[in-house]
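Hi everyone, thanks for coming.

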Amino acid sequence: MQKQVQAFNYITTLFICYVIPFICFCKAIPTKALPPFWTQSQPISLGKMLSSESVSCSIEDRVYVVWSDNRTGNREIFLRYSEDGGETWSVEEQLTNTEGESVQPALACNMRYIFLVWTEKTENSSEIYLKKWDGTSWSQEIKLSDGFSQHPKIACTLLFPESYLYIVWEKIIPDSNRTIAYMIRSNDNGNTFSDPKPITEGLWDTKEPAIYCGTRDAYIVWSDDREGNWQIYTRKWGEVQVSDEIKLSVLPNCNAP
Ligand SMILES: [Ca+2]
């Protein structure tokens, strides 16, 4: 009987001194609600006319979105940004104000700058432009191309502040009707650029270049007609060296990598 009383007292002490305080402690720990997998959708463009060609880039919780729409009578590039991962958004900002059609925007971000490229189209011309945000203001736009050019893409290497900025596009050569994919790059955050150069040395057509950057290297893919039908090729650009060209596709007539 005495042993039963001792066991009862032991269990009671265990509950009072350890189990109950532990349960209370666990309940007192604030728990953070997990976010839903997808948030509610919300319109980014607030114009009533057609808006399309949206692209985005992000640094940590900051998200930037640009698009082209024709609310002003011709197409202009607009921007909104979010500093809380897309929960709330800034007012719209119009980044272009031109008589031509401002279309095909592309964005790249590094830890300090936002780089925007786009195509300015008129009846007789199509050129690639760039402007950048330095955290305070947007720069004046500069023209990057020289001749009928379109479909720009942009990316920057992840190393900062020594990142390299790469821009590619396709250019239509009027007399021969050839299409050539071009690339330029900057190693001073868009203050100066290399001369535009074709991404291959061959005399065949190249088009639809796209680009992705890792820490130090850039990877360009494009459609390539050296075999008489469109194939997808890639090439790696390092800060100093450029790799050989590698054919990625197997089937004939592959486009838009
Ligand atoms: Ca315009």
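Which residues does V168 touch, not counting those up to four places away in sequence? They are K153, A181, Y182, M183, I199, P209, I211 and I220. By touching I mean a contact: the C-beta atoms of two residues, placed from the backbone, lie within 7 Å.

A word on the source: this is a predicted model, where local features need pLDDT of at least 70, side-chain atom pairs count only at pLDDT 80 or more, and totals for chains, interfaces and linings use all residues. Residues are numbered from 1 along each chain as its sequence is written.

Now, the chain has one helix and 16 strands. Both are DSSP runs numbered from the N terminus: H or I of at least four residues for helices, E of at least two for strands.

Strand 10 covers residues 165–173, and seven of its nine residues are buried. Buried means that 20 or more other C-beta atoms lie within 10 Å of the residue's own, again placed from the backbone.

Who are the neighbours? Strand 9 (residues 149–156) runs antiparallel to strand 10, joined to it by six bridges; strands count as paired if DSSP finds at least two bridges between them. Here I154 has I167 as its bridge partner. Strand 11 (residues 178–186) is also antiparallel to strand 10, over nine bridges, and I172 is partnered by T179. Strands 10 and 11 form a hairpin with four residues between them, and N177 in that turn has a positive phi of about 60°.

Finally, of the 257 residues of the chain, 30% count as buried.

Methods: Buried ≥ 20, exposed ≤ 12 C-beta atoms within 10 Å, placed from the backbone.
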